[in-house]
Amino acid sequence: MNSSAQGSLQPHSEDDLTYPDWLASHTDEDIAQLLWRLYAHGSTALLEQFRGSAHPEPALRHLSSLELAILHAATEVGAGSHPATIDDLKDALTELFDIAGTPHTARPSQSEINEAIVSLARWGLLFGPTFQLTNKHTERPTEPNARTTTLASSTTLKIPAHIPPDFDPATEQLWRLADCNRCPIPTTELPATIEALPPRQRRLLGTLSAAGGVGHSATLRPDADPNAPLPTMVHQGLLDQLDESTARLSGRVSAYLRGTLISPAGGSFSVSNSWNSEIPNSATPAEEISSDPRDPAADASAVASIVQRIQELTETITDLGAHPIQPLSGGGVGLRELNKIARRRNLPTEQAIEQITDLYLANFLAREFPDPAPADDTGRTYWAVTDSALAFLQAPLATQWAMLLLGWAGSPYTAWMADEEDNRPLSPELHADRAAELRTLFSELFHTASTERQAADELWRMRPALAWETQQRAWETIVEEATRFGLLASHGVHTQPQATRALEALATTLHQYRAALAKGEPMPTEEVLSTLSLQFNELLPDPVSYLIIQGDHTIMAPGLLSAENQQMLARIGEQESSGMASVWRVTKESLLRAFEAGISLADIETFLDRMAPGGLSAVPQSLRYLVTDTHRAHARGEATSVAAPSVPSVSRVPTPPRTRCDLTVSGSRDLPQQIAGAVESFRRSHNATTALDPNDGTSTVDTRTVRTPRDVMSELRRAYSAGTQVRLHYVDYAGATSQEWISIVMMTPSSISAVVEATGETISVQPHRIAAVDVPR
């Protein structure tokens with residue numbers, strides 16, 4: 001790839017400028033930067049198209065509600081086929097907001113609209129002579145919430161030809177449409193309103209939901225009975241009427257019927273209260289986040305909770321290291337194995353399941369062939385602790401907390417589905433990328449929100465595609481997980497979970513990671529972990545410098561212990577209680593184990609002298625005698641028979657990668673090469689499709705020909721998605737054979753609409769009339 005080549009925009013009229021030509025006018029570095037930005041925000045659609053995939057993933061999922069609304073408005077003014085002005089676009093946007101009933105407080109300012117328009121150009125989803133993939137207007141202003149982007153009202157723009165079909169009013173993906181939230185019923189009242197409907201109307205809603213949300217009926221016509229069920233529900237706002245005989249479920253009603261998060265009435269499109277707009281590559285200073293005041297009581301509650309959780313998970317990792325779990329034939333974990341763990345750990349089964357789930361979320365548990373194999377190995381795979389779990393055991397407390405949260409943020413495990421009939425914990429089918437997407441975004445949602453409801457509304461503003469798919473029980477489960485891991489805390493009179501400084505620290509770190517990745521400079525996982533650990537160090541209280549030693553040989557730590565002191569107490573005593581404060585009991589057996597492990601009498605006496613107020617002489621005499629007598633007996637070999645058996649070897653498995661941006665493992669090292677190769681493929685494809693004879697439109701480059709129906713449709717889909725040209729061999733309606741170089745503007749399973757490059761004529765061809773397709777090499 002010629003990384004230094006400067007693309008140039010050849011002279012075009014505004015009508016003639018195509019998306020591939022606009023994209024090709026940029027340098028290779030600019031196009032590569034676009035692919036990096038898209039990758040950082042979870043979209044590989046364009047990357048896959050450049051590399052030749054005929055079935056790319058959806059390309060709109062990463063957009064905010066405002067960005068989607070602008071594309072919807074651009075579709076309404078026909079910007080997919082001819083240029084539209086900024087004024088045309090804004091007028092259409094206002095009309096969509098009016099139709100949706102969007103409150104004025106939820107509508108964007110003119111400057112916010114301008115900035116989102118330029119943002120879409122940077123996403124490669126909007127183009128024109130004055131727009132570029134890199135634009136100074138999208139730099140984050142120095143002052144928070146300052147919006148300075150300006151665009152002339154006469155500025156013209158277009159959108160790629162494959163975008164408008166995504167905004168069909170009858171689409172099942174209502175999250176794309178700005179007017180899908182027009183139902184005016186408040187969110188808190190919507191469930192009761194729907195359930196109070198007469199039985200016939202309620203059944204009609206269920207039928208519509210099962211059939212895709214769109215229905216046709218003569219009762220919707222203007223001259224029909226206005227009191228019929230469908231017109232009545234249109235009047236109530238439960239249905240949106242599309243034309244005189246067609247209606248669809250309101251997006252908010254559909255969400256309730258599907259059990260997903262319900263959007264705010266009229267939608268939310270203003271970004272003025274958000275700390276991080278979806279404009280790619282924006283950077284939020286860390287101090288802007290840390291300056292946000294949080295309730296110290298919430299932080300204290302979160303720290304106490306996570307310390308207890310880490311100690312419990314540490315014990316469970318130790319147990320599973322010696323006893324890997326035998327999976328069911330389907331891959332999940334059965335109740336019998338869960339009961340075994342519960343009995344060994346002396347826990348209720350529900351609590352054992354919760355701890356196993358937390359380990360799996362953190363990528364501390366994986367199914368593989370463990371090394372070494374268990375003593376009762378049957379030659380099968382096991383659920384065993386990962387290398388990351390063993391590193392977790394040796395890490396300082398702040399690092400342990402960071403490891404848990406970075407693992408949790410990247411987990412695709414749909415824990416909320418594990419209790420469904422026929423599902424078992426950790427089953428392979430209980431995984432979805434959207435679960436990792438939601439956990440990764442979760443910490444950003446609570447930055448400005450003070451309640452779960454506000455955070456859910458913020459999800460609808462920031463990522464409508466994800467909100468549309470998020471079930472209510474999934475949201476509730478992730479809130480519970482975030483509370484267990486110290487991101488949220490309920491305390492005192494607060495019944496709603498409150499955001500903690502740990503949540504802010506995670507949001508900051510993930511934002512920095514994503515911003516670096518968007519620049520093509522991914523942070524190593526070790527750096528991400530270190531960055532988050534340093535912030536957690538400031539949240540944790542200082543370790544206690546003394547112990548309270550009792551005459552009954554119990555030792556109480558009145559606060560957190562340093563890793564060194566924790567390890568020493570674990571060697572010489574048995575832990576009786578854990579948490580911010582912990583209690584240990586020293587016994588002859590525990591001391592013998594310590595001496596067997598190589599701890600000397602001097603080590604123990606030095607430790608007690610340092611930690612006991614008043615020094616070694618202040619330690620109760622009975623405990624000092626126990627230590628010296630046990631050491632003497634061990635030295636003479638008189639008491640080795642009562643020593644604990646040797647610790648079994650720990651069965652471990654490698655830490656597996658789970659998602660593209662999983663921060664528990666090192667990222668893909670060949671991603672820069674993949675992106676460079678994709679840009680080079682785009683250049684070759686574009687150069688080939690533009691090498692046409694200006695007189696007859698024939699190609700001057702080599703082509704390859706595909707003829708089978710499957711290959712023909714595959715290549716046409718690829719050309720449609722990428723905006724490239726192909727030569728079509730087909731039989732027209734008169735029965736004559738034709739061949740033309742075309743650009744596809746719309747494609748359905750039953751028809752291909754295209755523009756003939758030589759004449760500008762629009763043609764429509766049915767797939768069965770296509771004989772072959774020539775594709776540039």
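A salt bridge is a side-chain nitrogen of Lys or Arg within 4 Å of a carboxyl oxygen of Asp or Glu. With that in hand, let us look at some examples in this predicted model.

**View 1. Asp 629 and Arg 632 meet in a salt bridge.** Their side chains come together with an N to O distance of 2.9 Å. Both residues belong to helix H26, which covers residues 621-636. They sit 3 residues apart, about one turn of the helix. Asp 629 is partly exposed, at 42% relative accessibility, and Arg 632 is partly exposed, at 42%.

**View 2. Arg 309 and Glu 312 pair up within helix H12.** The closest N and O atoms of this salt bridge are 3.9 Å apart. About one helical turn separates the two residues, because they are 3 residues apart in the helix, which spans residues 296-322. Arg 309 is buried, with 9% relative accessibility, and Glu 312 is buried too, with 14%.

**View 3. Glu 315 forms a salt bridge with Arg 345.** Here the closest N and O atoms lie 3.2 Å apart. This pair links distant parts of the chain, 30 residues apart: Glu 315 is in helix H12, while Arg 345 is in helix H13 (residues 335-345). Glu 315 is partly exposed, at 33% relative accessibility, whereas Arg 345 is buried, with a relative accessible area of 14%.

**View 4. Five residues are linked in a network of salt bridges.** Arg 309 and Glu 312 return here, joined by Glu 354, Asp 358 and Arg 484.

Conventions
Residues are numbered from 1 along each chain as its sequence is written. This is a predicted model: local features need pLDDT of at least 70, side-chain atom pairs count only at pLDDT 80 or more; totals for chains, interfaces and linings use all residues. Side-chain values use heavy atoms; hydrogens and water are left out. Helices (H or I, at least four residues) and strands (E, at least two) are DSSP runs, numbered from the N terminus. Buried means under 20% relative accessible area, exposed over 50%, partly exposed in between (1.4 Å probe, protein chains only).
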